[in-house]
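Please read the following note alongside the sequence and the structure shown below. The points are numbered so that each can be checked on its own.

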Amino acid sequence: MNAQVKESRPLVEMIDIQKSFGGVHAVENVSVDLFPGEVVGVLGHNGAGKSCLMRILSGAMAPNAGRIRMRGEDVRFVSPQDARRQGVETIYQTLALADHLDAPSNLFLGRELKTRWGNLDDKRMMVEARRVLHRLNPNFKNLSDPVSRLSGGQRQVIAIARAIYFNVKVLIMDEPTAALGPAETAMVADLIRQLRSEGIGIFLISHDIHDVFDLCDRIVVMNRGRNVGGYHIEQVTKDDVLSLIIKGEMPDGWRPRNAASALQPGLNSH
Amino acid sequence: MSVDVDRIVVPLARVKITSDALHKLSALFTLFMLIALFAFGNAAFLSVGNGLTVLLQTSVIGLLGIGMTLVIVTGGIDLSVGSVLALSGTVAGLAVKAGMPVPLGMSMGIVVGALCGAVNGIVVTKMRITPFVATLGMMLIARGTALQITGAAPISQLGEAFGKLGNGSLFRVIGMGSNGLPKVIFPGIPYPAILLVVVAVTVAFMLRRRSIGRHIYATGSNEEAARLSGVAVDRTKLAAYVMSGALAGLAGIVLMSRLVTAQPNEGVMYELDAIAAAVIGGSSLMGGVGTVSGTMIGAFIIGVLRNGLNMAGVSAFIQQIIIGFVVIMAVYVDQLRSRR
Ligand SMILES: Nc1ncnc2c1ncn2[C@@H]1O[C@H](COP(=O)(O)OP(=O)(O)OP(=O)(O)O)[C@@H](O)[C@H]1O
Ligand SMILES: [Mg+2]
């Protein structure tokens with residue numbers, strides 16, 4: 001895994017990103033990167049700026065300053081469509097579903113399947129939606145109900161399905177399992193591993209430290225809008241990470257756990 | 001075991017789906033009750049002549065209501081349709097008076113309506129003014145313009161051709177009466193009714209089968225979600241306001257053609273009838289919900305109510321009171337439905 005990571009150039013580089021709302025500095029000079037086939041955990045307390053940073057990458061929000069590069073080329077995402085065109089798909093924390101529409105309509109919203117005449121192909125969208133939703137949750141029913149009638153977990157499954165159905169290269173998952181039961185959570189973990197093996201880069205925002213250690217290759221910790229540390233997962237313990245999240249710094253006298261991986265911090269140089 | 005569950009779940013799902021149609025069904029039931037009531041009170045209510053009158057009256061409310069539905073589904077409102085109707089009608093009248101061919105003059109009226117709608121849409125999406133205020137402004141602007149360009153006087157003597165759209169009908173059969181004078185055997189289908197059906201079917205198709213329709217529902221359902229999903233939210237709203245304006249223009253030329261006079265004072269408070277038609281038909285002012293068929297039923301309820309109360313000799317003031325109650329009841333029923 002690491003060998004592959006080292007060889008390729010970064011899929012995404014976010015450089016000196018800054019975003020403030022009035023006096024609130026939501027994101028302050030944050031730089032992160034992501035390699036193909038890598039899962040990077042974005043951690044931090046509530047309000048640390050994780051979602052803001054990711055919304056900037058998904059084109060949902062414009063930064064005040066900073067650059068984004070994809071495969072070494074500068075990109076500017078003015079809208080979510082721009083980002084999606086580059087293969088950046090997002091599972092938003094708020095899920096971003098239209099309550100009055102059914103699951104297939106939500107899954108294909110903005111990218112509807114059409115017939116030869118340009119009419120909506122609801123039949124095909126239903127078939128495809130059933131296929132991809134059942135891959136995530138074999139018991140998924142009520143596909144033609146408005147999604148407002150579905151459970152939180154079902155809604156989350158739709159948001160996940162929408163992000164992976166299209167040709168995803170960079171996947172942003174903002175607390176994707178917050179509303180899921182254990183079985184569905186395990187399914188999502190499998191999905192993450194599978195996508196990673198396909199060379200897709202994943203930013204995973206999660207408050208579940210166990211999931212993070214289970215799934216992530218690297219972590220980036222945010223504290224009050226700042227990036228207070230990026231580490232390989234083997235370098236740190238859970239206590240280290242909790243200290244970073246809560247205090248914004250490592251415990252006194254901290255040393256990397258695994259000296260070998262400490263030799264290649266940042267992963268920026270090659 | 002799982003088979004049993006399926007057997008229970010499937011019929012339940014069917015019931016749930018029909019509960020959405022419940023509102024429409026109860027509105028339809030109300031309509032038939034009204035017709036039965038008025039027919040019972042006055043046999044002339046069911047006459048062909050009166051049926052045509054209701055149809056003509058309803059076609060104007062219906063055209064406005066369909067446009068209103070599009071805007072309401074996006075989560076907005078269009079208070080300007082009554083005034084835009086007047087402006088479009090008077091522009092068409094002036095154009096024809098100035099010697100322009102009737103079809104061209106009328107098209108100009110519709111274009112003016114669409115332009116008013118475009119201004120509404122731009123003010124709402126680009127200037128970020130709430131639809132209520134934006135279209136309230138347009139309501140005054142369009143009415144003021146209509147009064148200004150006509151000097152507040154009706155334009156009459158527009159010629160027979162101008163009255164064709166509003167007064168003509170398809171398949172009219174005229175025979176020779178026994179006294180040697182022409183006699184109408186079959187009054188035919190009035191052009192405004194045909195127009196209404198064509199518009200209703202077209203818009204309903206657009207809402208159900210085209211992506212713009214899906215985007216209209218998504219925008220009104222959750223604007224932020226629609227934006228994040230890649231829906232061009234501003235363009236979708238703009239389209240809804242343009243269509244509402246164009247349909248108000250169409251309603252304007254139908255009405256003025258029927259009067260064979262361009263009346264700058266026509267259409268006052270019609271926006272309220274249009275909103276009432278949409279709401280009675282199940283549209284939610286919160287956005288995301290509404291259908292053309294529901295609005296048509298709503299338009300007919302208002303048309304029948306107005307006409308029947310007129311024939312029963314109920315004063316215009318009492319009519320307003322009754323329609324006010326009907327609107328409140330319709331919204332109340334709608335809330336009961338969504339609270340479940
Ligand atoms: N649209 C907005 N307008 C104003 N302030 C905002 C907006 N979005 C975020 N913020 C502020 O920016 C800061 C960072 O918010 P963000 O949503 O990125 O936090 P987060 O790390 O995702 O938190 P959580 O774990 O609770 O999801 C917070 O102080 C928040 O109040
Ligand atoms: Mg967040």
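1. In this predicted model, the second largest pocket holds about 720 Å³ of space. A pocket here is an open set of points, on a 1 Å grid over the protein atoms alone, where a 1.4 Å probe fits, with protein on both sides within 12 Å along at least five of seven lines; the volume is the space filled by probe spheres set on the points, which are joined across faces, edges and corners.

2. The second largest pocket is lined by 23 residues, and the closest to its centre are Val268(B), Met269(B), Tyr270(B), Asp273(B) and Arg306(B), where a lining residue has an atom within 4 Å of a point. The elements of chain B that each give two or more residues to this lining are α2 (48-73), α10 (233-259), α11 (270-280), α12 (292-311) and α13 (316-339), and α13(B) gives the most, with six residues. By residue type, the lining divides into 13 nonpolar, six polar and four charged, with Ala, Val, Leu, Ile, Met, Phe, Trp, Tyr, Cys and Pro counted as nonpolar, Asp, Glu, Lys and Arg as charged, and the others, Gly among them, as polar.

3. Around ligand 1 there are 14 residues, of which Asn46(A), Gly47(A), Lys50(A), Ser51(A) and Cys52(A) come nearest, a residue being near if one of its heavy atoms lies within 4 Å. The shell divides into five nonpolar, seven polar and two charged residues, and α2(A) gives the most to it, with three residues.

4. Oxygen atoms of ligand 1 lie 2.8 Å from a backbone N or O atom of Gly47(A) and 2.9 Å from a backbone N or O atom of Cys52(A). From the side chain of His207(A), an N or O atom is 3.0 Å from an oxygen atom of ligand 1. On its own, ligand 1 has 640 Å² of accessible area, of which the protein covers 62% (Shrake-Rupley method, 1.4 Å probe).

5. Chain B has 13 helices and four strands, taken as DSSP runs of H or I with at least four residues and of E with at least two, numbered from the N terminus. Its radius of gyration over C-alpha atoms is 21 Å, close to the 20 Å that the globule rule gives for 340 residues, so chain B is as compact as a globular protein of that length; the rule is 2.2 Å times the number of residues to the power 0.38.

6. Residues are numbered from 1 along each chain as its sequence is written, while chains are lettered from A and ligands numbered from 1 in the order in which they are written. Local features need pLDDT of at least 70 and side-chain atom pairs count only at pLDDT 80 or more, whereas totals for chains, interfaces and linings use all residues, and side-chain values use heavy atoms, with hydrogens and water left out.

Definitions and conventions
Polar contact = N/O pair within 3.5 Å; in protein donor to acceptor, adjacent residues only side chain to side chain.
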